[in-house]
Amino acid sequence: MAASDAALDDLRELLAVNDSALLDLVNNRLDLVRQIKQRKAELGVTFVDPEREAWLLDHLREANKGPLSDEGLRELLATVLDLTKRELAGP
């Protein structure tokens, strides 16, 4: 076990704050996509839109200032999209 280190403790606390913010963002995203899914159902529009997903990847790639690589971004987005679809699947 590593000895107690104030700088390490501070970094870990910052990471915990970021992880909590990430959780909040994912939950907010789920709420927004749930609303989009409901509206699309009302309009008779297909929920999954591959063109929009491709646009989102391009948009995020342009916005990404790193250090996340393009491959890492693709993996992250694929995971988020898959998770969103699973969470919102159902009756």
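Guide: Welcome! On a 1 Å grid over the protein atoms alone, a pocket is an open set of points with protein on both sides within 12 Å along at least five of seven lines. Please keep in mind that the model above is predicted.

Visitor: How much space lies in the largest pocket?

Guide: Rolling a probe the size of a water molecule over the atoms shows where empty space is left. For the largest pocket, that space comes to about 890 Å³.

Visitor: Which residues lining the largest pocket are closest to its centre?

Guide: The lining has 26 residues. By class, six of them are charged, three are polar and 17 are nonpolar. Closest to the centre are Arg-29, Leu-56, Leu-77, Val-80 and Leu-81.

Visitor: And which helices each supply at least two residues of that lining?

Guide: Three helices do so, and their residue ranges are 6-43, 50-63 and 70-88. In that order, they are α1, α2 and α3.

Visitor: Is Leu-56 buried or exposed?

Guide: Leu-56 sits in helix α2. Its relative accessible area is 18%, and the cut-off to compare it with is under 20%. Leu-56 therefore counts as buried.

Visitor: Is Thr-84 buried or exposed?

Guide: Thr-84 has its place in helix α3. Its relative accessible area is 5%, and anything under 20% falls in the buried class. So Thr-84 is buried.

Visitor: Which residue's side chain makes a polar contact with that of Thr-84?

Guide: Not counting residues up to four places away in sequence, Thr-84 touches Leu-30, Val-33 and Arg-29. A polar contact of 3.3 Å links its side chain to that of one of these, Arg-29.

Visitor: How far apart are the end C-alpha atoms of α1?

Guide: Helix α1 has 38 residues, so at 1.5 Å a residue it should span 56 Å.

Visitor: What is found at the start of α2, and to within what distance does the side-chain oxygen reach?

Guide: A side-chain oxygen of Asp-49 points to the backbone nitrogen of Glu-51 there. The start of α1 has a contact of this kind too, with Asp-5 reaching to within 3.2 Å of the backbone nitrogen of Ala-7. For Asp-49 and Glu-51, the reach is to within 3.1 Å.

Visitor: Which residue just after α1 takes a positive phi?

Guide: Look just past the end of α1, where phi is about 75 degrees. The residue there is Gly-44.

Visitor: Which two residues does a cis peptide bond join?

Guide: Look to the loop between α2 and α3, where Pro-67 has its place. Omega for the cis bond is about 15 degrees. The two residues it joins are Gly-66 and Pro-67.

Technical notes: Residues numbered from 1 in each chain as written. Predicted model: local features only at pLDDT ≥ 70, side-chain atom pairs only at ≥ 80, totals over all residues. Heavy atoms only, no water. 1 Å grid on protein atoms, 1.4 Å probe; cavity = no way out; pocket = protein on both sides within 12 Å on 5 of 7 lines; lining within 4 Å. Points joined across faces, edges and corners; volume = space filled by probe spheres on them. Helix = DSSP H or I, 4+ residues; strand = E, 2+ residues; numbered from the N terminus. Nonpolar A, V, L, I, M, F, W, Y, C, P; charged D, E, K, R; others polar. Buried < 20%, exposed > 50% of the residue type's maximum accessible area, 1.4 Å probe, protein only. Polar contact = N/O pair within 3.5 Å; in protein donor to acceptor, adjacent residues only side chain to side chain. Contact = heavy atoms within 4.5 Å. Expected span 1.5 Å × (residues − 1).
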